[in-house]
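I am opening a notebook on a structure that is new to me. These entries record what I looked up, in the order I looked.

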Amino acid sequence: MNLEYSAEYEDFRAQVRRFLAEQWSAGDAARQPDPDGMAAFAGAVPTDERATAFRLKAIERGYLYRHVPRRYGGGEQPPDPLKATLIAEEFRRARAPHEMVGQGPSMLVPTLLEHGTEAQKERFIPGTLLGKIRWCQGYSEPGAGSDLASLRTRAVLEGDAWVVSGQKIWTSSARESDWMFALVRTEPDRPKHDGISYLLIDMRTPGIEVRPLRQMTGDADFNEVFLDQVRVPAENLVGKRGQGWVVSRSTLKHERALIGGSHLTRRTFDGLVMLARALEVRGRPAIQDPVVRSRLVELEARLFANEYQGYRLLTLSARGEEPGLAALVMKLASTTLGYDIAKLAMEVIGDRALLAPGEPNAPAMGLFGTAYMWSLGVLIAGGTANIQRNIIAERGLGLPRDSRK
Amino acid sequence: MDFGLSPDQVLLKQAIRRWLETECPTTRVRAIMESDGGHDPRLWEGLAELGVPGLQVPAAHGGSGLELLDVALAAEELGWCCTPGPFLACALATAALVASGNAEAGARWLPAIARGRAIVTFALGEEGDEWDAARLATRARGGALSGRKPLVPYAAIADAILVAAEDGDGPGLWLVEGGARGLGVTPLKGTDMTRRVAAVELEATPGTKIAAGRAAIDRARDAGLVLLAADAYGGARRCLDMTVKYALTREQFGEPIGTFQAVKHQLADLAADLDPALSLWWYAAHAYDHIPERAERHAAIAKAHLTDLYDRAARVATELHGGIGFTWEYDLHLWFRRAVFDRAFLGEATYHRLRAAELAGW
């Protein structure tokens, strides 16, 4: 066990730092959102010309999109999770534009790399990597949430086009997106997983209507997408017809920067400690209350555990070992922790939790109230806590699948 | 950057596990548990041949000179197998002897501990759940100790006891030899019968001061906290594994009970808390030797968190086993009781959480 990086990696870190010092000034950094701030949490990533020019240089040096071949606009480097982590750490420190976040780079690009045609890769990947083509995901439907494979949006081949009708829901950034990658039912006679295909849909096609979906926080970060006789060129099918379920399971297999998953949780926790120091409860700072102190340490224990689990996953990945249970538990462990941190914050705030965000006297501008609601949002999004429990029990512990069909 | 075990560490774990599974199945655990002293010298000799009591003994004194992480990996395996005996007592005493820097005491006792020839234990806690070296009532005057240590592991078979006490200069550590004048040791019936405790009375008992100040005491306590966390992880993991196995074979309503989501979800929740907690005690053990500024706080946090989880694992396991889990005949209660020891010894979870809050400057 050794938490220092070897000389080879420290040299590499120095190279990355030199590159950042030459190509990305303090002035540039000052204009960027805090990498751990709310804007970054909401996915705000700079795509202006300065950021794009910088990203292109960073790709050229092999610092970004290391798993994507050069011919599709990537950095093309041998997998090395330690280097990927160092790059992420240094870019974060310099507040320099890193890889684009969002479902295009994280979900569509790996899918196209594995299943796309040459033409699809050349057409879509380079623009997606630079944020020039923005994507939304068309998976969930009103009747197909956890049971995604029961989705009913239909696509019928008419000549050289698929004609798509149906409804998608929980579509983040649908209003800002240029394209949607969607799962649609093309073989209504086949058993449910076998009848699904993966289609790329231009959001400007006639017949698409996007309606903002207002969530419990009062904001509208999601949308409903209605598709009525939307014509999609047949060449926009990814993978084989009826193979969409398998196609959609592609993930980034090559490497991932594995430290950093707990950054936002750490920030929320530190914010909670600041809040407990600043807020008076019945005549003394909340942090002097032994119950609050004990519970803060309880939460920090779980936070440390998740942070060091990040080191462990990174090490397993660097050694080429399968993480198994260690990786499967992380979504549940981190989202339940986020929820419990927000919950303690609400208790520390006490009766002032009655004040909504924006009310001038609300502690921390009411951000913890919003965080409390969002902590439930992330517990549900991308596979609810109970679905995670099924995955952990079945794939991690080897318990039998239940009688789901 | 490598936050994982070395090949040697993996081999160490495997060697201990394999040996214990052969030599100390639960039938032998029960036999030792039901014996008078709760100690089987032959088992201890075997562990000494494997090098277990000498892991943290410096090479100059005939040990392996390894780090706390290596000792903790052994503790994890002993926790998994529910191994009875004075491992923890000797590990605490070894940490205290090493931290005391006292050459004479080290030369006299460390080689014997490493070879399994001497049982040495550590007496810190006092009446009223007191585990703080700054608040001890045991007094030393002119080389004689007076006071009472109500819960000392394996004091009844100890060749020497390291006693935390106070003299005119404040806290310090004294070595009292077994059979010394005025030393009274009363074996007690313990909840966990795999780690025996005894009450120690000191009435003007002669002792040798081996360390001044509280540093050596705190250092031994921190080692103990990490080792309890590791034992707790091993035990909790065993409870989880046993219950998964049971859920795969026990059928009700015509299906293995592991098919039911109520069962799956309880086990998944436990796994989701337990698996990352491994990284927490690994880090705490690593910090003990390599990150001094984080060692004390992480030891406290790891002990509180892991022993809490162990308690929960033992409860969930018993509950999911149903009636059979509540019987004496079934082995689960061995771990259930061991969880009680890990939680209570050296101070409860909340006590260490409040210490950790203090150490953070909150």
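This is a predicted model: local features need pLDDT of at least 70, side-chain atom pairs count only at pLDDT 80 or more; totals for chains, interfaces and linings use all residues.

**Entry 1: a helix in chain A**

I compared its span with expectation: at 1.5 Å a residue, its 14 residues should span 20 Å, and the end C-alpha atoms are 20 Å apart, which agrees.

Next I asked how many of the residues of α5(A) are buried. The count is eleven of the 14, so the helix is largely enclosed by the rest of the structure. I noted the buried residues by name: Pro81(A), Leu82(A), Lys83(A), Ala84(A), Thr85(A), Leu86(A), Ile87(A), Ala88(A), Glu90(A), Phe91(A) and Ala94(A). I also looked just after α5(A), where Arg95(A) takes a positive phi of about 50°.

**Entry 2: chain A as a whole**

I find 14 helices and ten strands in its secondary structure. Its radius of gyration is 23 Å, close to the 22 Å that the globule rule gives for 405 residues, so chain A is as compact as a globular protein of that length. Along the principal axes, the C-alpha atoms of chain A fill a box of roughly 75 × 50 × 45 Å. I see that 40% of the 405 residues of chain A count as buried.

Into which domains is chain A divided? I wrote down domain 1 (7-99), domain 2 (135-244) and domain 3 (263-396). Between domain 1 of chain A and domain 2 of chain A, the C-alpha centres lie 32 Å apart.

**Entry 3: one leucine**

I picked Leu299(A), which is found in helix α10 (residues 290-318) of chain A.

Leaving out residues up to four places away in sequence, I listed what Leu299(A) touches: Phe269(A), Leu337(A), Asp340(A), Ile341(A) and Leu344(A). For one of these, Leu337(A), I looked up the separation: its C-alpha atom is 7.2 Å from that of Leu299(A), although the two are 38 residues apart along the chain.

**Entry 4: a helix in chain B**

In chain B I looked at helix α1 (residues 7-23). Its 17 residues reach 24 Å from the first C-alpha to the last, close to the 24 Å expected at 1.5 Å a residue.

Which residues of α1(B) are buried? They are Leu12(B), Ile16(B) and Leu20(B). They cover an arc of only 50° around the axis, which puts them on the same side of α1(B). I recalled the general rule here: an α-helix has 3.6 residues a turn, so residues three or four places apart point the same way.

On the face of α1(B) turned away from the buried side, I noted the exposed residues Pro7(B), Val10(B), Leu11(B), Gln14(B), Arg18(B), Glu21(B) and Thr22(B). The cover over the buried residues of α1(B) includes α4 (68-81) of chain B.

**Entry 5: where the chains touch**

Last, I looked at the contact between the chains, which takes 37 residues from chain B and 43 residues from chain A. On the chain B side, the elements that give two or more residues are α7 (215-249), α8 (261-290), α9 (292-321) and α11 (349-359). The most come from α8(B), with 17 residues. I divided the chain B side by residue type and got 22 nonpolar, nine polar and six charged.

Terms used:
Residues are numbered from 1 along each chain as its sequence is written. Chains are lettered from A and ligands numbered from 1 in the order in which they are written. Two residues are in contact if their C-beta atoms, placed from the backbone, lie within 7 Å. Helices (H or I, at least four residues) and strands (E, at least two) are DSSP runs, numbered from the N terminus. Ala, Val, Leu, Ile, Met, Phe, Trp, Tyr, Cys and Pro count as nonpolar, Asp, Glu, Lys and Arg as charged, and the others, Gly among them, as polar. The expected span of a helix is 1.5 Å times one less than its number of residues. A residue is buried if 20 or more other C-beta atoms lie within 10 Å of its own, exposed if 12 or fewer, and partly exposed in between; C-beta atoms are placed from the backbone. The radius of gyration is taken over C-alpha atoms; the globule rule is 2.2 Å times the number of residues to the power 0.38. Domain bounds come from an automatic or database domain assignment. The arc is that of the directions from the helix axis to the C-beta atoms.
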